[in-house]
Amino acid sequence: MRQNHIHPSPVLKNQPTLQSPLSIVAMIVIGVFSTSVLVSTPILSAAMATRVGGGQDFIGYLASADFFGMGVASATASFWVLRRFSRRLLLIILGGVFFGNIISIFVSSFAYLFALRFIIGCLNGLILSVVFVGLCRTRSPDRSFGIYVFVQLALQSVLIPLFSWIWEAYGASSLFTALALFPLLSIPLLLLFPSSIAQSHQLTTGSTKTTGVKMIWAGAALIGLFIYFLAPAGIWAYFEPIGQSFGVSGQEIGNALGLAAFAGMAGAATVLVIGSTISRAFLMSLGIGLSVIAVILLSGASGFLLYLLAASIFNFAWNFTFPYLMGVISLFDDSGEVAVLSLVAQLFGLALGPFIGALVVSDNEFGPLLSLSILVYCVSFAIFIVCNRVAAARSPSR
């Protein structure tokens, strides 16, 4: 997400900078907190649907509301975030997220809750955009994002079983109270947040603009990324009712999904260990293949252990596959423009996946959603295989 022709602003002495370890930690934690809805989606979306008295279609619609907001915000934030950013502005946004979650406690209408969650999603999307720009401008962005993924999965391992217990013990409204704590916990970290996200070491070399044929193939890869995210996002939103179809209790669902987060960590760690020592095409094939196996396991099985196995393979495959898809995209990105758009593609995929799920799921019949997900995985895989071959042919050394 590099930007060009940016003149670093002068930084006051002793002010936090992008290269400060404490500033990087603050950005990571605030960014992860802004995605608390994502990591808790299976429980939260089901609880919200229950709250408004809706059926399983409401699960998908309400799960998509936050992500649509985040997608809209990220699509527009890159145009002004570097020019307008300040810690005071971030404080105001965090305050908006806090009050939005508090207001959610008292909303029981589907339409009003959907609109409110969309607004909260926009605010969290602004925060996430600032964090992504900042992390991309650290000295080692790969390492920064690697830590970000691990912290996010660690939060998932805790939050899903905790939210499952809170929902059963205190009701759906109590989850909004829990979500309101995250912006409050983020506010003290603003003292460590970089005073500017425009400052950086030299980030660009060689070409300063991605143009021509490369942009066409970059666009194809971004479409493939958007399509890819439709499948895991749609399934992720319905993991709680799918667990019920397995005959698994609410708390067992929370425990299984919490444990599956460790499989997600293992997937990310495997990428760090393997790196690019093996053919990217083979590794993408492996990741998509495991994703399809997870979907098959979710079709018509029963029992806690099979549900845990399916959830674990699903999480491992998601976090294993995604970095290699981003690796293909990076081959067409000389200026950082495509990296900015990749966040937009991800968020809109996360938003539209549950929305499509709501259209195809009815009466505890998840077969259409799972079958469609397999098709989506295959289409995205085909796009990335072609893009990877084109990139290899154009630049064999890469």
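Analyst: Start with the contacts. Among contacts in the protein chain between residues at least 6 apart in sequence, 88% join residues at least 24 apart. Contact means heavy atoms within 4.5 Å. This is a predicted model, where local features need pLDDT of at least 70 and side-chain atom pairs count only at pLDDT 80 or more, while totals for chains, interfaces and linings use all residues. Residues are numbered from 1 along each chain as its sequence is written, and side-chain values use heavy atoms, with hydrogens and water left out.

User: What makes up the secondary structure of the protein chain?

Analyst: The protein chain has 16 helices and zero strands. Both are DSSP runs numbered from the N terminus: helices are H or I with at least four residues, strands are E with at least two.

User: Why is Thr 35 called buried?

Analyst: Buried means under 20% relative accessible area, exposed means over 50%, and partly exposed lies in between (1.4 Å probe, protein chains only). Thr 35 has 4%, so Thr 35 is buried. Its place is the loop between α1 (21-33) and α2 (36-39). Not counting residues up to four places away in sequence, Thr 35 touches Met 70, Leu 128, Tyr 148 and Gln 152.

User: Why is Leu 181 called partly exposed?

Analyst: Its relative accessibility is 47%, so Leu 181 counts as partly exposed. Leu 181 sits in helix α9. Leu 181 also belongs to a nonpolar surface patch with Leu 91, Leu 184, Leu 185 and Ile 187. Together they have about 410 Å² of accessible area. Helix α9 (residues 173-186) gives the most to this patch, with three residues.

User: What makes a group of residues a patch?

Analyst: Each residue needs over 30% relative accessible area and no salt bridge. Nonpolar side chains (Val, Leu, Ile, Met, Phe, Trp, Tyr) are joined within 5 Å, like charges within 9 Å. Areas come from the Shrake-Rupley method with a 1.4 Å probe, and for residues only the protein chains shown count as cover.

User: Why is the pair Arg 117 and Asp 66 called a salt bridge?

Analyst: A salt bridge is a side-chain nitrogen of Lys or Arg within 4 Å of a carboxyl oxygen of Asp or Glu. The closest N and O atoms of Arg 117 and Asp 66 are 3.1 Å apart, so the pair qualifies. The pair links distant parts of the chain: Arg 117 is in helix α7 (residues 110-136) and Asp 66 in helix α4 (residues 56-77), 51 residues apart. Both Arg 117 and Asp 66 are buried.
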